[in-house]
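Student: I would like to learn how to read the contacts in a structure. Please take me through one case.

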Amino acid sequence: MTVLNKVESETAAPETATAARHSPLEHRAAELERRSASGARGVRLREEPFLTQINLRTPPGGAEASAVSESLGLPLPTANRVSGDEHDAVLWLGPDESLIVAPDGRAEHLLRTVRDAQRGGSGSAVDVSANRTTLRLSGPAAREVLEKLCSLDLHPRSFGPGDCAQTLLGRVIVVLWQLDREPGYRIMVRCSFADYLVDLLLDAMAEFLDG
């Protein structure tokens, strides 16, 4: 068990605070369900709100990076790769920058853990959980939908499970993360662009839903 997936009562959000939260796309949940389809050419879209996201800056290859990796129980990823799984992960964003992703309610504990490991070093850890929401696009046609909006080569020979990239979908900057071979993807987008991106994705999905 890694530090990332420990559940500690001290990190749990109060019930009243949790109940008061509203995700950027909760008003579109029924629409996303209605406009998803299964089958051999199916594709599904839904929001995964409130994931813990910690922006990590750590000089690569040194004692500080090793200490952070040990504290998390996961190696820091290499270029455009993900360490961990969809529940607890570290995504590569740049030579000295990563994104820690974990379930809701872990930010305080993770910040304390990472900052303790960085003590005396030059790195930083910042809670950016409220900066982005996450969309999950999955199904046999998911890659074809993304290819309408993204200039990256998403063919399995170039981009597969455990790969991630900062890229554009349409005109929106996102973090794109392939989870599995179905294929399934997480798309992490700034909250202010979430509605716009959903419109783009639903438009790109239309031909598969009509079939």
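**Salt bridges and a domain interface**

Tutor: A search of the whole structure finds 19 salt bridges, a salt bridge being a side-chain nitrogen of Lys or Arg within 4 Å of a carboxyl oxygen of Asp or Glu. This is a predicted model, in which local features need pLDDT of at least 70 and side-chain atom pairs count only at pLDDT 80 or more, while totals for chains, interfaces and linings use all residues. Residues are numbered from 1 along each chain as its sequence is written, and side-chain values use heavy atoms, with hydrogens and water left out.

Student: Which parts does the salt bridge of Glu97 and Arg57 tie together?

Tutor: The side chains of Glu97 and Arg57 meet at 3.8 Å, N to O. Glu97 lies in strand E5 (residues 97-102) and Arg57 in strand E2 (residues 52-57), so the pair ties together parts that are 40 residues apart in sequence. Strands (E, at least two residues) are DSSP runs, numbered from the N terminus.

Student: Which domains does the assignment give?

Tutor: Domain bounds come from an automatic or database domain assignment. Here the chain has domain 1 (26-49 + 131-210) and domain 2 (51-128). Their C-alpha centres lie 25 Å apart. Contact means heavy atoms within 4.5 Å, and it takes 17 residues from domain 1 and 14 residues from domain 2.

Student: What is the area buried between domain 1 and domain 2?

Tutor: Buried area is the accessible area (1.4 Å probe) that two parts lose on being put together, summed over both. For these domains it is about 1400 Å², of which carbon and sulfur atoms give 51%. Arg132, Cys164 and Trp177 supply 37% of the area that domain 1 buries against domain 2, more than any other three residues.

Student: How many salt bridges does the rule find across the interface of domain 1 and domain 2?

Tutor: The rule finds two across this interface. Elsewhere in the list of pairs, the side chains of Arg136 and Glu86 meet in a salt bridge at 2.8 Å, N to O.

Student: Which elements give two or more residues to the side of domain 1 that touches domain 2?

Tutor: They are strand E7 (132-138), strand E8 (164-169), strand E9 (172-180) and strand E10 (184-190).

Student: How do E8 and E9 run?

Tutor: Two strands pair if DSSP finds at least two bridges between them. E8 and E9 run antiparallel, joined by six bridges. Leu169 has Val172 in E9 as its bridge partner. The two strands form a hairpin with two residues between them, and Gly170 in the turn has a positive phi of about 65°.

Note on methods
Helices (H or I, at least four residues) and strands (E, at least two) are DSSP runs, numbered from the N terminus.
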